[in-house]
Amino acid sequence: MAKVPSPKEMEWCIESLIAVFQKYAGKDGYSYNLSKTEFLNFINTELAAFIKNQKDPSVLDCMMKKLDLNSDRQLDFQESLNLIRDIAVACHGPFSKLPIP
Ligand SMILES: [Ca+2]
């Protein structure tokens, strides 16, 4: 039997993105989408450091509406990835200026 190679770092990151999305999606309905409640639970748990200074709850409502490209009041995996992409791009700027060890 051939040994299955362990996932590379980027493959592991992709698997992690999918696993975290699926952990929150489907808790109160269709398992392939985040409802508003699931989205708030996801963002307040998984991205707490990024929103810790955010005191206005309407900002998260606006964020979900902006991410919900097909306006079905749910975020599918692709729509939720736009948030992750935006955060990664925002973080890359400051990190890219650090010296490489
Ligand atoms: Ca949607």
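This is a predicted model: local features need pLDDT of at least 70, side-chain atom pairs count only at pLDDT 80 or more; totals for chains, interfaces and linings use all residues.
Local features need pLDDT of at least 70 and side-chain atom pairs count only at pLDDT 80 or more, while totals for chains, interfaces and linings use all residues. Residues are numbered from 1 along each chain as its sequence is written, and side-chain values use heavy atoms, without hydrogens or water.

**View 1. Helix α1 against helix α2.** α1 covers residues 9-24 and α2 residues 36-46. Helices are DSSP runs (H or I, at least four residues) and strands are too (E, at least two), numbered from the N terminus. The two axes come within 9 Å and cross at roughly 130 degrees. Axes are lines fitted to C-alpha atoms, for helices over the stretch in contact, with angles from 0 to 180 degrees between N-to-C directions. α1 and α2 are therefore oblique to each other (under 35 degrees is roughly parallel, over 145 roughly antiparallel, 65 to 115 roughly perpendicular, the rest oblique). From α1, Val20, Lys23 and Tyr24 meet Glu38, Asn41, Phe42, Thr45 and Glu46 of α2. Contact means heavy atoms within 4.5 Å. These residues divide into three nonpolar, two polar and three charged (nonpolar: Ala, Val, Leu, Ile, Met, Phe, Trp, Tyr, Cys and Pro; charged: Asp, Glu, Lys and Arg; polar: the others, Gly among them).

**View 2. Helix α2 against helix α4.** The axes of α2 and α4 come within 11 Å and cross at roughly 115 degrees. The pair is therefore roughly perpendicular. α2 contributes Lys36, Phe39, Leu40, Ile43 and Asn44; α4 contributes Leu60, Asp61, Met63, Met64 and Leu67. By class, the contact of α2 with α4 has seven nonpolar, one polar and two charged residues.

View 3. Asp68 (OD), Asn70 (OD1), Asp72 (OD), Gln74 (O), Glu79 (OE) and Glu79 (OE) lie 2.3 to 2.6 Å from the calcium ion. Donors are N, O and S atoms within 2.8 Å of the metal (3.2 Å for Na, K and Ca); water is not among the atoms, so sites may look incomplete. Along the chain, the donors follow the spacing D-x1-N-x1-D-x1-Q-x4-E. Asp68 sits in the loop between α4 (57-67) and β2 (75-76), and Glu79 in helix α5 (residues 77-96), 11 residues apart.
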